[in-house]
Amino acid sequence: MSILIEHISKTFGQFQALSPLSLDIQEGEMIGLLGPSGSGKTTLLRIIAGLEGADTGRIQFGDRDVTNLHVRDRRVGFVFQNYALFRHMTVADNVAFGLDVLPRKERPSPSEIKKRVMHLLDMVQLAHLANRFPSQLSGGQKQRIALARALATQPEVLLLDEPFGALDAKVRKELRRWLRGLHDELGFTSVFVTHDQEEALELSDRVVVMSNGHIEQVDQPGALYASPNSRFVFDFLGNANVFEGKIENGQWRNEQAHIVLPKGAAQQNGQLYVRSHEFTVSETATDQANLPLKVVAINPIGAEVRLELSPVGWHSKDIWEMDLPHKVFDKKPVEKGQTVFVTPKAGYFFAQDAKQAEPLHW
Amino acid sequence: MATQLSAADIRPRHKRVLPGLSLSLGTSLLFISLILLLPMTGLIMQSVDMGWERYWQVISDERVVASYKVTLWAALIASLFNGVFGLLLAWVLVRYDFFGRRVLDALVDLPFALPTAVAGITLATLYAQNGWYGDLLASIGIKIAYTPWGIVLAMAFTSIPFVVRTVQPVLEELSPEEEEAGMTLGASDWSVFRRVIFPALWPALMTGIALSFTRSLGEFGAVIFIAGNMPYVSEITSLMIFVSLQEFDFPAASAIASVVLMASLILLFAINIWQARYLRRLHGRN
């Protein structure tokens, strides 16, 4: 079922949690709401569910206007961050809850409910735990039960609030893949909230990046990464390093350091954003850039080696990070405490006061 | 082997803030013996002295048995009333923020702080036929003071904090997400209360009601001023003990007291066992 969100806004007392925003979600899509805490992503999710009322605007599920519909009549599946399983009920009773509370006319017979519950438990691969109580389950198991419970009434919209937030990395990865599979198989429309960019990029068809109650950008993961349209999205997605430069003889200068402007770049003061893998490292300055940095830490992370670097003779608000493939690193290893020079290969330039970035290549 | 031993020796011994088990348990046991077990033993000794036949005769005396009935019924009604009203009060105190909430919260403890005799006299004055409430109630034909209903009233008044104070913390801990989960699954408000909230409160509520009940069984001060104390009608068991004491019949007083004591103990143990089993399920040690 498609979801149409129009001019939805929400304030809590003096705090503007959501500025009027609109979003169009296609049937069968999986949407990730990504943003830092306080960005309004959970509020938006709760408004879609009907757990929170919007101050203005309209929400439509398919052709149905649900703006003034109570949560219990919206028929959405909702998975809570802390799972919110009913502690005094067995796993099977938890899953059966949505069916048990149906009005008598719509309620399936007890044996039919039992069959459906077992089917759902089979689907989440936890049929053997049917008679356990929630407190006897691990986090990952609870999460799957919460999902089975939400799916019991066969909702066409599934909403998930930080579904993998409290799980360890391995279980999280496994569950993510499993959820994606389930989504593709059953074809419901899903919206989930996360603050983890990796999760959002891996799981969603489209990612909605939010900050301060606004939608910053809505795009497919690839497009979002390739062309972030604001400083915020750039900062939030994919570790970017920022060089604050002032124009001087065709160079951006920051105290002792400088970068030569590529051909055709506008001669303006501003910030150059460079992603952590779009650098080369050398022992001396190059014609293109003189960016001396001291190696603070060397961390091998998965396929890459991450260097943490602090500026020497110039200033940056944050420490710089660089990711080098092991091959490159092994050929020319650097040591902690050593000073290295880096040269950007590609980056995005935000002129002073500009909203849009200008992509640059050297 | 040797290295393992030495490693164990180095390990720090004291990991707790409070001093060792032996000292703290010893002190606790000493005080329990002094203030609880010793008087109880005295009570039983007194009754044992009188012999089984006489004991049975005292505790099965017609007037005393009538007092058991009155006390049990009154305590039962009072504690059930407190179960409903106390739950409501706790709910209001936890779930709503209103002007004077803190004052109301403090007032709940008043029955504990007030000398029970004062409570009894106050209630008796209010509900007497010429009192504020009594006057009103009399006009619609209801008489509370000097009837068994007066006993119920006094018992309910003195034991209401038990229910409120046991339910309140559980209610505070109840996560709103569970209620919301119930609603997203299509449950009506009543269903959410009956199937989600109430089962979570149930053990605490039962404990509160049981405490309220046992407290009511032993209530004396508040009750005698409003009960009227008519033999066979509105005499409570504590009064029978008091009467025996006034007649200097200490063994008889102890015998009746031992019955009250047994009833309270059995009830408390039963509730504890039941609650432990119920909570074990909730906390996952099957």
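I counted the secondary structure of chain A and found 10 helices and 22 strands; helices here are DSSP runs of H or I with at least four residues, strands are runs of E with at least two, and both are numbered from the N terminus. The model is predicted, so to speak of local features I needed pLDDT of at least 70 and for side-chain atom pairs pLDDT 80 or more, while totals for chains, interfaces and linings use all residues. Residues are numbered from 1 along each chain as its sequence is written, and chains are lettered from A and ligands numbered from 1 in the order in which they are written.

**Chain A, overall**

I took the extent of chain A along the principal axes: its C-alpha atoms fill a box of roughly 80 × 45 × 35 Å. The domain assignment, which is automatic or from a database, gives domain 1 (3-226) and domain 2 (239-361). I noted 40 Å between the centres of these two domains of chain A, taken over C-alpha atoms.

Of the 362 residues of chain A, 41% count as buried. A residue is buried if 20 or more other C-beta atoms, placed from the backbone, lie within 10 Å of its own, exposed if 12 or fewer, and partly exposed in between. I then looked at contacts, meaning pairs whose C-beta atoms, placed from the backbone, lie within 7 Å. Among those in chain A between residues at least 6 apart in sequence, 65% join residues at least 24 apart.

**Helix α5 of chain A**

I checked the length of α5(A), residues 139-151: at 1.5 Å a residue its 13 residues should span 18 Å, and the end C-alpha atoms are 18 Å apart, which agrees. The expected span is 1.5 Å times one less than the number of residues.

I found α5(A) mostly covered, with 10 of its 13 residues buried; among them are A:Arg144, A:Ile145 and A:Leu147. The cover includes β6 (76-79), α3 (91-100), α4 (110-123), β7 (157-161) and α6 (169-186) of chain A.

**Chain B and its contact with chain A**

I recorded 19 residues from chain B and 21 residues from chain A in the contact. On the chain B side, α10 (176-184), α11 (189-218) and α14 (250-283) each supply at least two residues, and α10(B) gives the largest share, 6 residues.

I also consulted UniProt, whose unreviewed entry places "transmembrane region" at several stretches of chain B, including 21-45 and 255-274; such annotations may be inferred rather than shown by experiment. Residues 21-45 of chain B are 100% helix, with end C-alpha atoms 32 Å apart. Residues 255-274 of chain B are also 100% helix, and there the end C-alpha atoms are 29 Å apart.

Key. Contact = placed C-beta atoms within 7 Å.
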